[in-house]
Structures are given as structure tokens and as C-alpha cells.
Amino acid sequence: MDELGDRFGIERRTVSAILHRHGVSMRRRGLSPEQVDDAIHLYKLGWSLARVGDRLGVNHTTVLNKLRERGIPTRDSHSGRRRSCSPRSSRRRGRSRTWAA
């Protein structure tokens, strides 16, 4: 799809929409296990999810999902802090935890 987008000067999503509208079946590309390893390495070096995704030719959410599948903690995009692998972390809802002594 990237090649078609480049050839006709349109976004990849536009290519996808046109193909879908005309009933063309497409396979999902995803990441190979080796690419996931590379993504983890780059992310741990401090690369953003978007930058890793651009490098590997996938959307940043694909990278995020693969990091979560592997149990890699992700950074809070606004503060640089680490957050739990769980998408429903209590910190994301603005609640703090209290620990009993």
C-alpha cells in the first residue's frame, strides 16, 4: 500500500479505503518476532512509539500492542514516567495507591 500511495501521491489509509471499497482482500502485515525484538530494543533506547513504528513500517499502536504482549512497561508520553503494562492502570485514572504498612 505504501508503494501505491507513493505512486499516486495519496496516503496509505486512502489506498486502504479505496481497496476495501472495491472488495480487495488484504492481509495484515504486523511484525515478525525479530522485528518485535528490534522494537523493544529501540524503545528501551528512548525512541518514541511513533519513531519505532516509522522505522519498522507500522503504526505506533502496533508497536504498543506488541510491547504490551511481551510485558514491556511503557513510558507516560507526557511525563516520561513508566507505567504499568495494564491499559487500566490506576495512575491513568488519576488515583494514587495507598499501601498498608
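The model is predicted, and local features need pLDDT of at least 70, side-chain atom pairs count only at pLDDT 80 or more, while totals for chains, interfaces and linings use all residues. Residues are numbered from 1 along each chain as its sequence is written, and side-chain values use heavy atoms, leaving out hydrogens and water.

**Overall layout**

The protein has 5 helices and 2 strands. Helices (H or I, at least four residues) and strands (E, at least two) are DSSP runs, numbered from the N terminus. Along the sequence the pattern reads α-α-α-α-α-β-β. The protein has 101 residues, and 23% of them are buried. Buried means under 20% relative accessible area, exposed over 50%, and partly exposed in between (1.4 Å probe, protein chains only). Take the contacts between residues at least 6 apart in sequence: 35% join residues at least 24 apart. A contact means heavy atoms within 4.5 Å.

Helix α3 has 12 residues. From first C-alpha to last it reaches 17 Å, close to the 16 Å expected at 1.5 Å a residue. The expected span is 1.5 Å times one less than the number of residues.

| Helix | Residues | Buried residues |
|---|---|---|
| α3 | 33-44 | Val-36, Ala-39, Ile-40, Leu-42, Tyr-43 |
| α4 | 49-56 | Leu-49, Val-52, Gly-53, Leu-56 |

An α-helix has 3.6 residues a turn, so residues three or four places apart point the same way. The buried residues of α4 pack against α3 and α5 (60-69). Asp-54 and Arg-55 are exposed, on the face of α4 turned away from its buried side.

A glycine follows each of these helices. Gly-46 comes after α3, with a positive phi near 105°. Gly-57 comes after α4, with a positive phi near 75°.

**The surface**

The accessible surface comes to about 8100 Å². Carbon and sulfur atoms hold 48% of that surface. Areas come from the Shrake-Rupley method with a 1.4 Å probe; for residues, only the protein chains shown count as cover.

Leu-4, Phe-8, Ile-10 and Ile-18 form a nonpolar surface patch, with about 330 Å² of accessible area together. Patch residues have over 30% relative accessible area and no salt bridge; like charges are joined within 9 Å, nonpolar side chains (Val, Leu, Ile, Met, Phe, Trp, Tyr) within 5 Å. A salt bridge is a side-chain nitrogen of Lys or Arg within 4 Å of a carboxyl oxygen of Asp or Glu. Ile-18 lies in helix α2 (residues 12-21). Ile-18 is partly exposed, at 31% relative accessible area.
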